[in-house]
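My notes follow in the order I took them.

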Amino acid sequence: KAFAARYDGRPEVAFVDIGTYGLWGEGHTHGSSRVPRERMDKEVKVHIDLHRQHFQRTQLVISDDVAGIYSRDPRSAFRTDPNPELLAYARARGVSWRDDSIMVEPPPWSWFHANQAALFWPTLPTVVETDHYAASKKNKAWSSELFEKSVEDHHASYISIHGDPKLILDENRESVERINRRVGYRFVPTTVGWPDEVCVGDRAEAFDVSWSWRNAGVAPSYRSYYPCLTVKDDQGGILAVMTDEGFDLAKLPVANPGAAKALEHTATFILGRWTAPVLP
């Protein structure tokens, strides 16, 4: 409760991890107290509900491992169940999902459950966490190409890293630059058309602006955004800022790199003289 009183809704806090249960706070106890599955499910739900009760504005996320620890065995329920009950419980309460962690083991075991991310990313932002950088390289598990692919496979909005950020950047700069152009959403205007002149003030006439936008990111925006038009006079003074309220950019489709479809919309504006109403 005290934690939420301080941090809930803070603009610099992107998300809060429900990391209050299990080994490393990951929601599992396989390497510690080995709590039976049925009991653990009940206890994790208590932690979800406690966080949900107090965090009303900041996005909550929970580790994929609450559904069970990963396994190379393709018959493992953790790998085959497309919608584990505990993750469904979290999702129904607006709690999103974090892969904890990728590239712990070398290929082809780089990650196990992008299928779980698919349950969340269409409506909630997902998080990809990497293994400790030095350990991942030592285990021959790290790959810049796989780092990029993980963002694509999980449609990640955020990435958490383990290790020296400068070292990771220096040794993976090209991949990081490509990831930065794909992670989350990225609104790109492809065409914008407007008239050469518009009449304003007492002679104001309606005019059209046509624009097309595409989402060049791997995920949608989870809140609405609308393109705005700023009209200036010939001295550079701002006459008006107007919003195309009929074009929600959060609805732009998500696609593979370079394949996102642009959507076009035409908005009609008028820039007349505004007179303050006379109050009785």
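I began with strand 4 (residues 127–132), which is mostly covered: 5 of its 6 residues are buried. Buried means under 20% relative accessible area, exposed over 50%, and partly exposed in between, with a 1.4 Å probe and protein chains only. Helices (H or I, at least four residues) and strands (E, at least two) are DSSP runs, numbered from the N terminus.

This is a predicted model, so I kept its limits in view: local features need pLDDT of at least 70, side-chain atom pairs count only at pLDDT 80 or more, and totals for chains, interfaces and linings use all residues. Residues are numbered from 1 along each chain as its sequence is written, and side-chain values use heavy atoms, with hydrogens and water left out.

**Neighbours of strand 4**

Which strands pair with strand 4 in the parallel sense? Strand 3 (residues 96–102) does, over 4 bridges. Strand 5 (residues 158–162) also runs parallel to strand 4, joined by 4 bridges. Two strands pair if DSSP finds at least two bridges between them. I noted one residue pair on each side. Asp-100 stands opposite Glu-129 in strand 4. His-132 has His-162 in strand 5 as its bridge partner.

Next I looked up an open sheet of 3 strands, in the order 6-7-10, with antiparallel pairing. Its edge strands are strand 6 (187–193) and strand 10 (263–269), and each pairs on one side only. The twist averages 30° from one strand to the next. Strand 6 meets strand 7 (residues 207–215) over 6 bridges in the antiparallel sense. Val-188 stands opposite Arg-214 in strand 7. As a reminder to myself, strands of a sheet pair through backbone hydrogen bonds, either parallel or antiparallel.

I then checked Asp-41, which is found in helix 2 (residues 37–54). Is Asp-41 buried or exposed? Asp-41 is buried, because its relative accessible area is 18%. Its C-alpha atom is separated by 9.6 Å from that of His-28, 13 residues apart along the chain.

The axes of helix 2 and helix 4 (residues 85–92) come within 11 Å and cross at roughly 10°. Helix 2 is therefore roughly parallel to helix 4. Axes are lines fitted to C-alpha atoms, for helices over the stretch in contact, and angles run from 0 to 180 degrees between N-to-C directions. Angles under 35 degrees count as roughly parallel, over 145 as roughly antiparallel, 65 to 115 as roughly perpendicular and the rest as oblique.

Contact means heavy atoms within 4.5 Å. From helix 2, the contact takes in Arg-37, Asp-41, Val-44, Lys-45, Ile-48 and Asp-49; from helix 4, Glu-85, Leu-86, Tyr-89 and Ala-90. By class I read 5 nonpolar, no polar and 5 charged residues for helix 2 with helix 4. Ala, Val, Leu, Ile, Met, Phe, Trp, Tyr, Cys and Pro count as nonpolar, Asp, Glu, Lys and Arg as charged, and the others, Gly among them, as polar.

**Helix 7 and helix 9**

The axes of helix 7 (residues 144–154) and helix 9 (residues 173–180) come within 9 Å and cross at roughly 10°. These two helices are therefore roughly parallel to each other. Ser-144, Glu-145, Phe-147, Glu-148 and Val-151 in helix 7 meet Ser-175, Val-176, Arg-178 and Ile-179 in helix 9. I sorted that contact into 4 nonpolar, 2 polar and 3 charged residues.

**Cysteines**

How many disulfides does the structure hold? I found 0, a disulfide being a pair of cysteine sulfur atoms within 2.5 Å. Cys-199 is partly exposed at 24% relative accessible area. Cys-228 is partly exposed at 44%.
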